[in-house]
Amino acid sequence: MDATTLQTIANQRRADAVTMIHRANTGHTGGSMSSLDILTTLYYAVLSVRPQEPHWPERDRFLLSKGHSVEGYLAVLADRGFFPKAELATFSMAGSRLIGHPNNQTPGVEVCTGALGHGLSVGVGMAIAAKRLQKSYRTFVLMGDGEQAEGSVWEAAMAGANYQLDNLYAIIDRNGLQISGATEDVMALEDFADKWRAFGWDVAEAAGNDPQSLLTYFETPRPAGKPHCLIARTIKGKGLPFAENRKDWHHKVPSAEQLLEAYAALGVKGVDWA
Amino acid sequence: MKTEAARMAFTRTLLALAREDQTIFATATDSRGSVTLNEFADALPAQFVECGIAEQNAIGIAAGLANAGIRPFVCGPACFFSMRSAEQVKVDIAYSHMNVKVIGVSGGVSYGALGMSHHATQDIALFRATPGLEIFIPADGPQTVALTKYLAKSSEPAYVRMGRGAVPNVYEEPAPFAPGKANKLREGSDAAIIACGEMVYHALKAAQALAEEGIAVSVYDMHTLRPLDEAAILEAAETGFVVTVEEHNIHGGLGGAVAEVLSQEKPTRMRILGLPDAKHFTGNSAEVFAHYGLTAEGIAQAVRKGR
């Protein structure tokens, strides 16, 4: 799939996500928007998965460690056919399995995430399992940049390098903002790439809101013997003119007018499930 | 009398099972010595994962292994797995329903004079309030063997707490063990003692002493804290007085579990014996037990006073 098509799909999923948040009157708008080009590139062009057979043993594994960006993730899973798209209308409604963080009662979701700093450890376990069981699946973990302050991320980083997990990808949605403000003001990360290099990882950077940049990264062979870290530079709230790069849009909910503004900016007419 | 440390009964059983089943894995947190996993690590390196001193990571890794169909036993000190990695146990294992067995060794006050940093006396309270985990405290080596065989077959997430030192065998091999079903070890209608773990042996000794005084006491080994054997608790209450004994804080453990059942279903006089809600007296575990009356005589005294 080419980058232009991926961009179109990503914007449709943005419309899905922002509609879910508006209808539920709750959600994490900023992070869902920043991560959607990464999620779309992975699920439509990179991951080997079978939506009709979500537990297929050979599937590539994906973990949304930054579980609060669940709206975009659920929109992608539904559009790929893991569950009926109409179910997106139940997001955050009483009794729904589609809740504010990934829940593995949802087809396609491997483990429950949402408590930050857990995903990479689980991904290390999945990658060790692939090596020990001689399986060729790869494991991808999407983390937030604010999440990097969790110490357990670095426990997992040490283990990934220790076990030379070149079948493991840590992708960081580097949008530069967290709930209280800029990451560099809350708990500075830079020089961030050097930190990952120092932990023994193969580190690269990409434009995280540009599917072509992401495709190029995933299509290029990476060095063997090391786990891979992709720092994907993104814009929080990407695609929504009223939300881009604004920390208050971490979990602000768009109004009816803003929803229409979002559709216009994204170049979509609306959603086909609501 | 035969004695054996539960952790050794566990590791010899696990190794035998893992030799026959390549999906059984053990993980350690620089704890292969303290758990007694050295032989496992040497014999089956492809089924062993060293996680370093990083309990949070170890639990997450185990969840990832389980996702691929592996059946991991995560092994390390109970004090660290029940607190340092409590959130990973809650989210990655219990909430996610991953088939991981968390094996906390040297639980309770096994580490004695190392102090409260190394005591695990809140673990049962914590995990009893964490839905989705079976909870076991074996009484001795033979029961640990039977429990380990069950765990290797079960697909339920579980937390097991076992002690460090050798303890007298309560059972002969093969020990009777059914998860969620207490073992009634002694019959008596004057009072009932419900105990778990190492305290089962002391409870039996107390019952023997009391029998010589003409007081007939039932003794139950409540090796499973979840699912809880409510029928056994209600049966114990028929005696009119129930004493619980555990190597755990008096809040939220076995005594709390029994009280929750009885206060709602069959109000019965009780006495909860355990470790106080205070900084612990320091000493080896026998000395700590003696200090707090977690001995045959202490238990017998509680029965005499209360009935």
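User: Glad to look at this one with you. Why does His97(B) count as partly exposed?

Analyst: Happy to start there, keeping in mind that this is a predicted model. His97(B) has 17 C-beta neighbours inside 10 Å. A buried residue needs 20 or more and an exposed one has 12 or fewer, so His97(B), with its 17, counts as partly exposed. Its place is in the loop between H6 and strand E5 (101-105) of chain B.

User: What makes the backbone of His97(B) stand out, given that it is not a glycine?

Analyst: Its phi is positive, about 50°. Asp30(B) is another non-glycine residue with a positive phi, about 55°. Asp30(B) sits in the loop between strand E2 (24-28) and helix H2 (32-35) of chain B.

User: How far is Ala192(B) from Val303(B), in sequence and in space?

Analyst: The two are 111 residues apart in sequence, while their C-alpha atoms are 8.5 Å apart. Val303(B) is among the residues with the most contacts inside the largest nonpolar core, which has 176 residues. Beyond its neighbours within four places in sequence, Val303(B) has contacts that include Ala191(B), Ile193(B) and Val217(B).

User: Which domains of chain B does that core draw on?

Analyst: At least three of its residues come from each of domain 1 (3-168) and domain 2 (183-306). The C-alpha centres of these two domains of chain B lie 25 Å apart. Between them, 25 residues of domain 1 are in contact with 27 residues of domain 2. On the domain 1 side, helix H7 (123-128), strand E6 (134-136) and strand E8 (166-168) of chain B each give two or more residues.

User: What makes Glu173(B) and Pro174(B) a cis pair?

Analyst: Omega for the peptide bond from Glu173(B) to Pro174(B) is near -5°, and the bond is cis. Pro174(B) is in the loop between E8 and strand E9 (183-189) of chain B. Chain A has a cis bond too, joining Glu190(A) and Asp191(A), with omega about 5°. Asp191(A) is in the loop between helix H6 (183-186) and helix H7 (192-198) of chain A.

User: Staying with chain A, how many helices and strands are there, and why is it called as compact as a globular protein of its length?

Analyst: There are 9 helices and 7 strands in chain A. The radius of gyration is 17 Å, close to the 19 Å that the globule rule gives for 274 residues, so chain A is as compact as a globular protein of that length. Buried residues make up 51% of chain A.

User: Last one: which elements of chain B touch chain A?

Analyst: In total, 23 residues of chain B are in contact with 22 residues of chain A. Helix H4 (55-67) and helix H6 (86-95) of chain B each give two or more residues to that side, and H4(B) has the largest share, 9 residues. The predictor gives the complex an ipTM of 0.98.

Key:
Residues are numbered from 1 along each chain as its sequence is written. Chains are lettered from A and ligands numbered from 1 in the order in which they are written. This is a predicted model: local features need pLDDT of at least 70, side-chain atom pairs count only at pLDDT 80 or more; totals for chains, interfaces and linings use all residues. Helices (H or I, at least four residues) and strands (E, at least two) are DSSP runs, numbered from the N terminus. The radius of gyration is taken over C-alpha atoms; the globule rule is 2.2 Å times the number of residues to the power 0.38. A nonpolar core is a set of buried Ala, Val, Leu, Ile, Met, Phe, Trp, Tyr and Cys residues joined through C-beta atoms within 7 Å. Domain bounds come from an automatic or database domain assignment. Two residues are in contact if their C-beta atoms, placed from the backbone, lie within 7 Å.
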